[in-house]
Amino acid sequence: MKLIFEKSAAGRRGVQTAKSDVAETINIKKEFLRDKPAEITELSELDVVRHFTELSRRNFGVDTNFYPLGSCTMKYNPKVTERIASYPGFAHLHPLLPQLRGGGMLTQGALAVLYEMDLLLREITGMAGFTMQPLAGAHGELTGIMIMAAYHRDKKNKKTTVLIPDSAHGTNPASAAIAGYKVVPIASTDKGVMNIDALKKNLNDEVAGLMLTCPNTLGLFDPNVKEICDLIHSVDGVTYCDGANLNAIVGKARPADFGFDIVHINLHKTFATPHGGGGPGAGPVGVTGKLVDYLPVSVVIKRDDGTYALEYDRPKSIGYIAPFYGNFAVILRAYVYILMLGREGLVRVSENAVLNANYVRVKLKDYFESAVDTICKHECVFSPSKEMLDSGIHSLDVAKALIDRGFHPPTVYFPTTVKEAMMIEPTETESKETLDAFIEAMKDIAAISVKSPEKIKAAPVTTPVCRPDETAAVKNLDLACL
Amino acid sequence: MVIKGLLYTKEHEWAKVEGDIATIGITDHAQEQLGEVTFVELPAVGREVVQKDEIGVVESTKAASDIFSPITGTVTEVNTKLKTSPEIINDDCYGQGWFCKIRITDKASLKNLLDAAQYEEYLKGL
Amino acid sequence: MPFIANTDEQRRQMLAEIGLSMERLFSDIPKKFQCGRLNLPQGLTEQEVRETLAAMAGKNSIDLTLFLGGGFYDHFIPAAVYSIISRSEFYTAYTPYQPEVSQGTLQAIYEYQSMICRLTDMQVANASLYDGGTAMYEAMMMTLRITGRNKVIIDTSVNPIYRVMIESYTRNLEIEHVQTQCTTGQVNREQIMAKLDNETAAVILQNPNFFGCIDDFSDIAEAAHKQGALLIVSCYPISLGILKTPGAMGADIVTGEGQCLGLPMSFGGPYLGFMATKMEYVRKMPGRIIGRTVDRNGNQCFVMTLQAREQHIRREKATSNICSNEALCAMTALVYITLMGKEGLRQTAQLCADKASYAYSRLTAIPGVKPHFGAKWFFNEFVLDLPKDAADVIVKLIEKGFAAGFPLSRYYPGMKNSMLVCVTEKRTKQQIGMFAEALESVL
């Protein structure tokens with residue numbers, strides 16, 4: 001398919017700009033001007049629409065295919081949230097308005113969304129206060145670690161390290177390092193949970209805290225989570241919960257109750273906001289009472305007269321994490337979703353998510369190698385069977401073969417602690433019928449892998465492209481058409 | 001494949017000691033784990049390094065491995081061929097795929113290294 | 001239950017088929033941690049939630065005529081932008097880790113990267129960062145990595161919100177921040193040149209700056225390079241329809257806010273941080289990058305590349321912790337740019353400048369209203385000094401239906417009577433005239 005630049009034709013226009021209604025044409029000093037117009041394309045509106053429509057047909061989305069990406073929670077994105085996010089009363093609101101004197105009164109509806117969302121998330125997680133500012137999960141992790149650092153600075157603690165399981169998502173150590181801490185990886189047991197002895201060995205007064213995904217990246221709830229948090233607290237460390245897998249326990253259990261001091265939530269996972277091809281997301285961060293003072297500013301408060309306002313006077317705050325109040329339109333979508341599910345709906349979410357994952361797990365465990373042989377939470381992890389590996393078939397091949405059968409592959413090669421990992425997270429928005437079809441496809445692939453592996457190696461054959469050469473992409477860097 | 005006569009580290013580097021110059025590279029095990037090498041970051045000539053210091057990175061499309069200096073000394077030469085043809089490391093990791101040369105300033109640091117038999121044992125246990 | 005697929009009957013059937021009960025499925029969570037009923041309201045139907053949210057939206061004022069900018073702008077957004085990016089194949093797709101089923105996203109982001117390079121005259125761009133502020137912070141961290149130094153110079157004419165963000169992010173780190181004071185409207189060259197030395201990693205500037213003033217930083221780029229330091233320029237994409245590019249000035253890293261490119265103001269986000277740099281620095285650049293390659297049959301295709309820099313491979317040694325970015329917003333910007341086209345972008349920029357110039361003439365003709373700075377050239381924003389407290393004047397103008405501007409005292413001490421006024425192509429001559437009359441009447 002051609003690049004949009006190759007479709008450009010001199011003189012074509014898409015949208016017409018209005019004629020100027022002022023007499024002046026300002027001629028800015030020549031030295032400050034560009035010497036020739038930017039090499040932007042010249043296309044008609046139809047050209048543009050056709051180009052992007054054609055591109056869209058080269059994508060799988062949740063709306064088109066089952067998308068069981070482990071740790072991503074690719075659940076259905078409700079259309080009503082798109083509708084509401086486009087209400088002019090939300091979309092056309094300038095972010096600086098409430099920073100004008102009396103300007104808060106111009107944005108009461110938007111401030112109410114932020115405030116009410118804070119309360120909902122507190123109830124869901126057990127935390128005492130939330131910030132909506134983090135613009136993604138990883139951004140939330142960084143925010144959480146910065147809060148951890150502010151707490152220790154305030155208490156004059158000398159802390160240099162953060163403990164992180166080796167099974168953690170890469171953003172965890174990356175965030176801790178960026179915030180200025182040294183990362184100490186903690187090994188997992190062969191049961192896939194944290195090795196408590198390894199934790200104890202690395203526990204000392206330099207430990208600022210721990211980052212733990214709960215349920216963890218193998219889709220397991222660590223039975224020792226309270227003990228782990230208590231151990232960290234014993235050195236005045238701060239416990240951070242990576243809430244990426246909240247879908248497994250929402251409505252059933254709350255991170256604050258296990259001993260976590262900080263939690264981030266991925267609204268684009270648990271709370272159904274769209275993934276957008278890689279973003280935008282939102283990663284609100286909740287904290288327990290002892291850390292509330294450190295939350296970023298501004299904070300939305302509710303005054304005695306019932307009106308909402310922005311509060312900046314928080315001397316211990318870590319400052320600004322985002323330019324404003326967070327990815328408002330994403331927060332708004334998640335807020336609508338939570339309102340529609342309500343208390344009973346949220347419980348159903350985790351129940352059905354966990355049931356769906358275990359249904360897939362039990363039905364596939366005789367055809368694939370299970371990473372761990374226990375009940376899982378909302379996702380299950382497999383590797384290709386020994387017979388498949390002996391035939392030369394790897395997880396990547398299984399993934400490509402699934403594409404030909406109309407399914408987006410599961411997450412592959414994560415977590416890194418499981419060899420040839422394939423992590424399957426169906427989510428609760430998928431029906432038994434879809435799961436049955438997926439299970440049949442996986443069984444089929446397993447069988448063909450042993451009988452005629454070359455067929456699996458050839459996959460995918462139904463897509464516009466097949467097995468891009470990623471090595472060539474690095475060695476012959478072509479990162480822009482200039 | 002492990003070659004006799006070389007010294008090894010647990011981080012899968014090898015060192016060939018000739019007089020007071022050590023030639024450094026990564027082992028067959030390392031290059032196999034990485035897959036096709038796409039990029040190499042070499043240290044600066046003249047840099048003084050302590051054993052276990054990070055002296056460079058070897059990248060493939062799916063992984064990036066830090067290279068740690070097996071010995072204490074000064075970098076005297078780097079294999080500039082790796083800039084244009086990093087895949088030499090896959091083809092000939094003990095020969096043409098050498099990484100850099102270091103003049104040893106602390107002979108005692110050699111004691112911490114493994115010989116071929118010890119490295120082979122170590123690989124078996126992984 | 002909304003959005004939950006399986007019925008009670010199907011649940012029963014599935015549990016029976018796998019020989020488990022719902023209680024068993026959650027038995028791994030100790031009973032003392034099972035929280036029981038959450039204190040949340042009952043779920044609402046779609047009709048109810050639309051009514052509730054419509055009422056909340058109704059409590060937000062969107063009828064004011066906007067002369068408020070400050071880095072976030074009320075530009076015209078063509079209808080086709082919404083039509084295209086609301087295709088669910090785009091917005092319900094995931095990060096393109098499986099290239100064969102993501103060529104739509106991948107090619108679009110490659111085209112976006114290309115477009116950013118063409119706009120800014122740089123060689124390579126990433127697939128987006130969260131916003132202009134975090135992009136500036138990431139650029140700064142990049143210069144620390146490249147130079148191995150830890151001192152940065154930043155002028156007060158750079159967006160104050162971004163400067164607060166940078167200070168917040170780096171409190172736990174050993175970085176020396178040197179602030180140079182803008183007094184004429186353009187950057188304080190004297191102070192910058194005095195502070196620039198061989199310990200400086202970067203000079204961070206903005207064009208047009210927060211006050212709307214235009215400059216050419218070529219001399220500063222040259223001076224920085226002589227010291228082995230880098231120049232970061234944060235820019236306003238619409239202005240690049242006519243203004244000299246950061247690339248042409250010699251900038252090493254270009255960042256900025258892409259909200260002006262077809263994204264609604266949306267009360268704070270989602271926005272679009274863009275970053276572009278020189279090819280020699282590509283491996284130090286954070287964020288995802290899409291590259292062009294071929295597949296096993298020789299067909300042109302696109303993939304995420306240089307992933308070895310990123311968190312999922314490098315972990316604590318990654319160039320950044322960024323994972324999710326603003327992909328859909330980047331695509332939105334691309335669609336906007338292609339719909340406006342070469343002439344459209346240029347004309348939009350010219351309209352902004354022309355109308356701002358007209359507004360400037362009308363407003364400074366009002367007795368008591370003066371330009372604050374001596375600098376002559378501005379793009380579509382300028383600072384006015386009023387005879388009274390600007391924040392109070394703004395309150396009065398809101399009552400008259402105008403969001404008159406931004407009171408600079410919020411971030412700049414000693415500028416109590418100063419107001420930052422912005423004019424985009426959407427403002428008409430009539431609106432500007434009425435605004436001038438309203439301002440005169442409240443002074």
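## Chain A as a whole

In this predicted model, the secondary structure of chain A comprises 15 helices and 13 strands.

**Exercise 1.** Decide how the radius of gyration of chain A fits with a compact globule.

*Solution.* Then look at the extent: the C-alpha trace spans about 80 × 60 × 45 Å along its principal axes. Finally, turn to the interior, where 61% of the residues of chain A count as buried. Among contacts in chain A with a separation of 6 or more, 70% are between residues 24 or more positions apart.

**Exercise 2.** Work out which strands lie at the edges of the open four-stranded sheet in chain A.

*Solution.* First write down the strand order, β10-β11-β13-β12 of chain A, with antiparallel pairing. Then ask which strands pair on one side only: these are β10 (369–370) and β12 (411–412) of chain A, the edge strands. Now step inside the sheet, where β11 (residues 380–383) and β13 (residues 422–424) of chain A are joined antiparallel by three bridges. To find one of these on screen, go to V381(A), whose bridge partner in β13(A) is M423(A).

**Exercise 3.** Describe the hairpin of β8(A) and β9(A).

*Solution.* Begin with the two strands: β8 (residues 299–302) and β9 (residues 308–311) of chain A run antiparallel and share four bridges. One residue pair to pick out is K302(A) with its bridge partner Y308(A) in β9(A). Between the strands there are five residues, and in this hairpin G306(A) has a positive phi near 90 degrees.

## Backbone details in the loops

**Exercise 4.** Find a cis peptide bond in chain A and one in chain C.

*Solution.* In chain A, go to G279(A) and P280(A), which are joined by a cis bond with omega about 5 degrees. P280(A) belongs to the loop between β6 (262–264) and β7 (285–287) of chain A. In chain C, the bond from N207(C) to P208(C) is cis, with omega near -10 degrees. P208(C) lies in the loop between β5 (200–207) and α10 (218–226) of chain C.

## Where the chains meet

**Exercise 5.** State how many residues chain A gives to its contact with chain C and to its contact with chain B.

*Solution.* Take chain C first: the contact involves 173 residues from chain A and 164 residues from chain C. On the chain A side, helix α10 (residues 328–364) gives the most, with 21 residues. By class, this side has 100 nonpolar, 43 polar and 30 charged residues. Turning to chain B, the contact takes four residues from chain A and four residues from chain B. Here the chain A side consists of one nonpolar, one polar and two charged residues.

How values were computed
Residues numbered from 1 in each chain as written. Chains lettered and ligands numbered in written order. Predicted model: local features only at pLDDT ≥ 70, side-chain atom pairs only at ≥ 80, totals over all residues. Contact = placed C-beta atoms within 7 Å. Nonpolar A, V, L, I, M, F, W, Y, C, P; charged D, E, K, R; others polar. Pairing = 2+ DSSP bridges. Rg over C-alpha atoms; globule rule 2.2 N^0.38 Å. Buried ≥ 20, exposed ≤ 12 C-beta atoms within 10 Å, placed from the backbone.
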